Amino acid sequence: ASDIEGDLTEVLVTESEIHAKLAELARRIEADYEGRDLLLVGVLKGAVMVMADLARELRPHLNMDWMAVSSYGAGTQSSGVVKILKDLDTDLTGRDVLIVEDIIDSGLTLSWLLENLRSRGAASVEVCALLRKPDAAKVEVDVRYLGFDIPNQFVVGYGLDYAERYRNLRDVAILAPHVYS
Ligand code: PRP
Ligand code: MN
Ligand code: MG
């Protein structure tokens, strides 16, 4: 396998910054959901790293379920067309749901998902996202737990891919333009 360092221009958020932020968010989540049973809904595939690390930071009992939706395909632009590739196994009736995402880019995926999950009779549906690109927003998403606002550049790593690559990077880094142009 080839080395990936040359495909990156700069590290934007380091592994240790990510873990410190997730610990901070976890303390807020524990306080806000005290005495309630939380269902974390991870959005495959980008959210796998956030889900794994956030869930292990959270002390109380919780459930985890997954949805696979995709709006990007192999390109760098959101198509806005959200497709369910795998639905939840869990009945959301009366549940306190926290959607776990890696990034809010245009916001189209999450705004669609929020509406979809809220229509299933959950007691509450909130969002935890590690990253957000304010300058890329096409729709505003009400995100309760946010890690970092980042510039509108193509980032990869810590679950985020370009054409299914780079998800295994420990940091979040900017992808060099020569890779996708
Ligand atoms: C990426 C990312 C978010 C979404 C954000 O997922 O993981 O889920 O795009 O973009 P948006 O705010 O413009 O909708 P993607 O569709 O690439 O699927 P993946 O998680 O499998 O990589
Ligand atoms: Mn995703
Ligand atoms: Mg993707």
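Student: How many bridges join β1 to strand β9, and in which sense do they run?

Tutor: Strands of a sheet pair through backbone hydrogen bonds, either parallel or antiparallel. Here 4 bridges join β1 to β9 (residues 172-175), and the two run antiparallel. Two strands pair if DSSP finds at least two bridges between them; strands (E, at least two residues) and helices (H or I, at least four) are DSSP runs, numbered from the N terminus. Val13 stands opposite Val172 in β9.

This is a predicted model, in which local features need pLDDT of at least 70, side-chain atom pairs count only at pLDDT 80 or more, and totals for chains, interfaces and linings use all residues. Residues are numbered from 1 along each chain as its sequence is written, while chains are lettered from A and ligands numbered from 1 in the order in which they are written.

Student: Which strands form the open sheet, and in what order?

Tutor: The order is β1-β9-β8, with antiparallel pairing. β1 (8-13) and β8 (155-156) each have a single partner strand, so one side of each lacks a neighbour in the sheet.

Student: Is strand β6 mostly covered or uncovered?

Tutor: A residue is buried if 20 or more other C-beta atoms lie within 10 Å of its own, exposed if 12 or fewer, and partly exposed in between, with C-beta atoms placed from the backbone. In β6 (residues 124-132), 7 of the 9 residues are buried, which leaves the strand mostly covered.

Student: Which strands pair with β6 in the parallel sense?

Tutor: β5 (residues 96-104) does over 8 bridges, and β7 (residues 145-149) over 4. Ile104 stands opposite Arg132 in β6, and Cys128 has Tyr145 in β7 as its bridge partner.
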